[in-house]
Amino acid sequence: VYTPTVGQACQEYSEIFTKPRGLYVTIKDKGYVDRLIANWPEDNIKAIVFTDGERILGLGDLGVNGMGIPCGKLQLYSACAGINPNHCLPVQIDVGTNNENLLNDEFYQGLRQKRVRGKQFEELIEEFMSAAVKRWGRNLLLQFEDFGNSTA
C-alpha cells in the first residue's frame, strides 16, 4: 500500500499541492542554511527525514516532488513509533532536477535547473546536517531517504 500510494502522490505532487509541509533547502541557500534552521518554529525536533528527490521509490528523479517521501516516512514514525508529529521535520533538498518533464512543467515548484553535483552538493548537505545538529542536538535522528546512488 505504501509504495504505490506515496509514489503516485510524489509523481503528482506539484499538481495536488495544497499547502507547504516541511522545510525546503535549495542550493541557493548555501551559506545561509543555519538561518533557515534557526527560523523553524518548533524547538523540539527529534527526527528529520530528508531527500534530494533523485531516486524516489524507483521512479527516478522527481526533484522537489519527492517531498512526499519525508512526509510519508515521518507519518509512519508517528503512527508506528509514537513520535509526536510536531517533533518531526520533513526536508527537501532542492539542487535542481535532470527530469526534463519536470523542468518543462508549468506547475513544478522546484528550481528549474539541472541537478548540482560534486563539491557544491556535498557542502550543502554538510551545512544542512551541521545546522540541524547545532539547533536540535546530537540525539537528533537524521535519515537520508531516496538519494541517488552516486550521492547516497
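Helices here are DSSP runs of H or I with at least four residues, strands are runs of E with at least two, and both are numbered from the N terminus. This is a predicted model, so local features need pLDDT of at least 70 and side-chain atom pairs count only at pLDDT 80 or more, while totals for chains, interfaces and linings use all residues. Residues are numbered from 1 along each chain as its sequence is written, and side-chain values use heavy atoms, with hydrogens and water left out.

Let's start with helix 6, which spans residues 119-136 and contains Lys119. Lys119 counts as exposed because its relative accessibility is 63% (exposed is over 50%, buried under 20%, partly exposed in between, with a 1.4 Å probe and protein chains only). Between Lys119 and Gly63 there are 19 Å, C-alpha to C-alpha, at a sequence separation of 56 residues.

Now for the inside. A nonpolar core is a set of buried Ala, Val, Leu, Ile, Met, Phe, Trp, Tyr and Cys residues joined through side-chain atoms within 4.5 Å. The largest one has 23 residues, and Phe128 and Trp136 are among those touching the most other members. Helix 6 is its top contributor, with 7 residues. A second, separate core has 5 residues, including Cys10 and Leu62.

| Residue | Touches |
|---|---|
| Trp136 | Ile37, Trp40, Glu42, Asp43, Asn44, Ile45, Ile48 and Leu89 |
| Asn99 | Asp61 and Leu62 |

Asn99 sits in the loop between strand 3 (88-94) and helix 5 (100-103).

Technical notes
Contact = heavy atoms within 4.5 Å. Lists of a residue's contacts leave out its neighbours within four places in sequence.
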